[in-house]
Amino acid sequence: MPYSDLSYSPLSTANLMTARLPNLRNLPLATLKTFEAAARHQSHSKAAAELSLTDSAVSHQIRRLEEALGCELFIKSGRGVVLSDAGRMFAKTVSSAMQDILGAALRLADADQVQGRLDIACPPMFANTWLAKNLYEFCQDHPAIECHIRLVENQRVHDLSDVDVGISFGPGGWADRWSALLAHVNITPVCSPLLFERIGGTFTKPADLRYTTLLHQDDGSEWRRWLYEAGAPEVDQQARHLYCSDLGMAIDLAVHGAGAALVSDTLSVGDMKRGILVKPFAFSIDAFGGWHVVCSPSSISRSASRLFLRWLLASFGRDAALDTLP
């Protein structure tokens, strides 16, 4: 057939695609809870027992869902069933969505009832680089909770008895305190694109750091260790140095192009997303600790404290730690 005789109709193509796909507008959403339970147990019978349904009711709902999706979610295995490849993929999404819905429902229920003061203690480095950029979300969700932030030295956070929640860097496991890991800390150099403009080039290897100022929040030990493990120990003697008593100050200096600072992803991720900080090297070193949230037995029973813990742990992808709450 000559090319000029061919015709193309977007409408007919769309109709053809629609004819081949299942009608997802009529997806039986009520069956998703049953599917999630069956997928979690890898058993229709156990799902039926959990949901107070009969085995046949579970099987019927699963068949309805499979018909709507146009694929098998379970396949027979011996006397039972296992998830198909499609079923495993779908189960992961459904489980995550249901957890999100449950979490949102709990937050709405709690937000409507919980009010009062919440005292939060943390070192300036965490308050200025993470909490100040994210706490607004919690305050928006819980307007009846009045947050009070207290800046204290890191090593004092877990000793305070007159705060509800503490956030501290360290090994965890403090006596007479419940604690949970938020993020393990590895540190790597960060700097501003402004710095590259000032020195007329980028850093292609660790030895290039000799052309800039190394920004410290300690006595210089962390930079010396990073340079040694990166194979450029001589840079410590060749570069300029600027010392700060607070990591937040070192990060601010880096943002303004004053030099390069050693920072964890936890504290620099927001600035890197905005492009005001970059990581010239992928190599990082272990900071021998992590950020933890800490609570005393008396404060952990407060509804406001538990709401904040739920939000904070979810922000760091540590929802599972909620199961360890007393």
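The model is predicted, so local features are taken only where pLDDT is at least 70 and side-chain atom pairs only at pLDDT 80 or more, while totals for chains, interfaces and linings use all residues. Residues are numbered from 1 along each chain as its sequence is written, and side-chain values use heavy atoms, with hydrogens and water left out.

- Helices (H or I, at least four residues) and strands (E, at least two) are DSSP runs numbered from the N terminus, and a residue is called buried under 20% relative accessible area, exposed over 50% and partly exposed in between, with a 1.4 Å probe and protein chains only.
- In helix 3, which spans residues 44-51, the buried residues are His-44, Ala-47, Ala-48 and Leu-51. These residues lie on the same side of helix 3 because they cover an arc of only 100 degrees around the axis, the arc being that of the directions from the helix axis to the C-beta atoms.
- An α-helix has 3.6 residues a turn, so residues three or four places apart point the same way.
- Lys-46 and Ala-49, on the other side of helix 3, are exposed.
- The cover over the buried residues of helix 3 includes helix 2 (31-41), helix 4 (55-69), strand 1 (74-77) and strand 2 (80-83), where contact means heavy atoms within 4.5 Å.
- After helix 3 comes Ser-52, which has a positive phi, near 60 degrees.

- Ser-43, in the loop between helix 2 and helix 3, counts as buried because its relative accessibility is 15%.
- The N-terminal end of helix 3 is capped by Ser-43, with a side-chain oxygen 3.3 Å from the backbone nitrogen of Ser-45, and the side chain of Ser-43 also reaches the backbone nitrogen of Lys-46 at 3.1 Å. A polar contact is a pair of N or O atoms within 3.5 Å; within protein, one must be able to donate a hydrogen and the other to accept it, and residues adjacent in sequence count only if both atoms are side-chain atoms.
- Gln-42 is found in the loop between helix 2 and helix 3, and has a positive phi of about 55 degrees although it is not a glycine. With a relative accessibility of 33%, Gln-42 counts as partly exposed.

**Helix 10**

- Helix 10 (residues 247-255) is largely enclosed by the rest of the structure, because seven of its nine residues are buried; the buried residues are Leu-247, Gly-248, Ala-250, Ile-251, Leu-253, Ala-254 and Val-255.
- At the start of helix 10, Asp-246 has a side-chain oxygen that reaches to within 3.1 Å of the backbone nitrogen of Gly-248, and just after the helix Gly-257 takes a positive phi of about 80 degrees.

**Cavities**

- On a 1 Å grid over the protein atoms alone, a cavity is a set of points where a 1.4 Å probe fits but cannot get out, a pocket is an open set with protein on both sides within 12 Å along at least five of seven lines, and lining residues have an atom within 4 Å of a point.
- Grid points are joined across faces, edges and corners, and a volume is the space filled by probe spheres set on the points; by this rule there are two cavities of 30 Å³ or more.
- The largest cavity has a volume of about 60 Å³, and its lining includes Val-157, His-158, Asp-164, Arg-177 and Cys-295. Strand 5 (165-170) and strand 10 (285-295) are the elements that give two or more residues to this lining.
- The second largest cavity, with a volume of about 40 Å³, has Gln-217, Trp-223 and Leu-247 among its lining residues, and strand 7 (213-216) and helix 8 (221-229) each supply at least two residues of that lining.

**The largest pocket**

- The largest pocket has a volume of about 410 Å³ and is lined by 21 residues, of which Met-125, Asn-154, Phe-169, Gln-217 and Leu-247 lie nearest its centre.
- Strand 9 gives the largest share of the lining of this pocket, three residues.
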